[in-house]
Amino acid sequence: MTYKEMAALARTLLNPKQYGEFFSAGVVAAVLEGANGKYYTGVNIDLACGLGFCAERSAAAAMVTDGETAIRRVACVGQDGKPMPPCGSCREFIRQLSPENENTEFLLCEEPLETIKLSELLPSPWQKIG
C-alpha cells in the first residue's frame with residue numbers, strides 16, 4: 001500500500017462524533033504498517049479527564065494485540081483529511097514498543113511526498129542521555 005493509499009484509508013475512518021458530554025472520538029485517524037506487512041487502523045478518543053488517546057496509539061494497540069511491535073510506516077490524518085505528524089506522546093510510545101521503531105517513517109505531506117523518521121523527531125532519546 002502506498003502512502004497515498006494509507007492516507008485515503010485513514011480518511012475513511014474519520015467520523016467525528018460527540019458520544020456524551022465528556023467523550024468524543026474520530027477526529028483523527030491513523031494507519032500503521034507493521035514490520036509483518038499488515039496494516040492496523042485506529043481513531044482518537046478524547047475524554048474530558050485527559051485519559052483519552054491518539055489514533056496512532058489506538059492502531060498500535062491493535063498491532064500489539066496481533067503480536068507485532070515494530071512499525072514500518074504511519075499515515076495519520078486530522079479532521080481536515082490532511083496528514084499530520086505524531087504528537088510527543090505518540091513519538092515516545094512508538095519508540096518504546098521496539099528498538100526497530102527508530103526507523104519508522106511518518107507521512108507529512110502527500111504531494112510532494114514528504115516523510116520523516118522517528119529518529120529525526122526524537123534525536124536524543126532519554127535512555128541514551130547521561
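Biologist: Going by DSSP, two strands pair if at least two bridges are found between them. With that in mind, how many bridges join E2 and E3?

Modeller: Eight. Keep in mind that this is a predicted model. Strand E2 covers residues 23-34, strand E3 covers residues 39-47, and the two pair in the antiparallel sense.

Biologist: Which residue in E3 stands opposite Val31?

Modeller: That's Thr41.

Biologist: And what's between the two strands of that hairpin?

Modeller: Four residues separate E2 from E3. Gly37 sits in that turn, with a positive phi of about 85°.

Biologist: Where else does a glycine take a positive phi?

Modeller: Just after H2, where Gly67 has a phi of about 95°. For background, most residues other than glycine have a negative phi.

Biologist: Let's zoom out. How many helices and strands does the protein have?

Modeller: Four helices and six strands. Starting at the N terminus, the order is α-β-β-β-α-β-α-β-β-α.

Biologist: What's the radius of gyration, and what would a compact globule have?

Modeller: The protein comes out at 14 Å, and a compact globule with 130 residues would be near 14 Å, so the two agree. The C-alpha trace spans about 45 × 35 × 25 Å along the principal axes.

Biologist: What share of the residues is buried?

Modeller: 38% of the 130 residues. As for contacts with a separation of 6 or more, 56% of them come from residues 24 or more positions apart.

Biologist: Now H1. Which of its residues are buried?

Modeller: In H1, which runs over residues 3-13, the buried ones are Tyr3, Met6, Ala7 and Ala10. Looking down the axis of H1, they fall within an arc of 95°, so they line one face of the helix.

Biologist: What do those buried residues pack against?

Modeller: Five strands: E2, E3, E4 (71-77), E5 (105-109) and E6 (114-117).

Biologist: And what about H2, which residues are buried there?

Modeller: Ala55, Glu56, Ser58, Ala59, Ala60 and Met63. Their cover includes E2, E3, E4 and helix H3 (88-97).

Biologist: What is Glu56 in contact with, then, leaving aside its neighbours within four places in sequence?

Modeller: With Ala30, Leu32, Val74, Cys76, Pro85, Pro86, Cys90 and Ile94.

Biologist: How many salt bridges does the structure hold?

Modeller: Six. One of them joins Arg11 and Glu110, whose closest N and O atoms are 3.1 Å apart. This pair links distant parts of the chain, with Arg11 in helix H1 and Glu110 in the loop between E5 and E6, 99 residues apart.

Biologist: Is Arg11 buried or partly exposed?

Modeller: Arg11 counts as partly exposed because its relative accessibility is 31%.

Biologist: Which residue does Arg72 form a salt bridge with?

Modeller: Glu33, again with the closest N and O atoms 3.1 Å apart. Arg72 lies in strand E4 and Glu33 in strand E2, so the pair ties together parts that are 39 residues apart in sequence. Arg72 is partly exposed at 40% relative accessible area, while Glu33 is buried at 8%.

Biologist: And what's the N to O distance between Glu102 and Arg95?

Modeller: 3.5 Å for the closest atoms in that salt bridge. Glu102 is partly exposed, with a relative accessible area of 21%, whereas Arg95 counts as buried at 6%. There's also a network, in which salt bridges that share partners join Glu33, Arg72 and Arg73.

Biologist: New topic. Where's the cis peptide bond?

Modeller: Between Glu111 and Pro112, with omega at about -5°. Pro112 is in the loop between E5 and E6. In general, most peptide bonds are trans.

Biologist: Last one: where is Ile116, and is it buried or exposed?

Modeller: Ile116 is in strand E6, and it counts as buried at 17% relative accessibility. Neighbours within four places in sequence aside, Ile116 is in contact with Thr104, Glu105, Phe106, Leu108 and Leu121. Gln127 is eleven residues from Ile116 in sequence, and the two are 21 Å apart in space, C-alpha to C-alpha.

Definitions and conventions. Residues numbered from 1 in each chain as written. Predicted model: local features only at pLDDT ≥ 70, side-chain atom pairs only at ≥ 80, totals over all residues. Heavy atoms only, no water. Buried < 20%, exposed > 50% of the residue type's maximum accessible area, 1.4 Å probe, protein only. Arc of directions from axis to C-beta. Contact = heavy atoms within 4.5 Å. Rg over C-alpha atoms; globule rule 2.2 N^0.38 Å. Salt bridge = Lys/Arg side-chain N within 4 Å of Asp/Glu carboxyl O.
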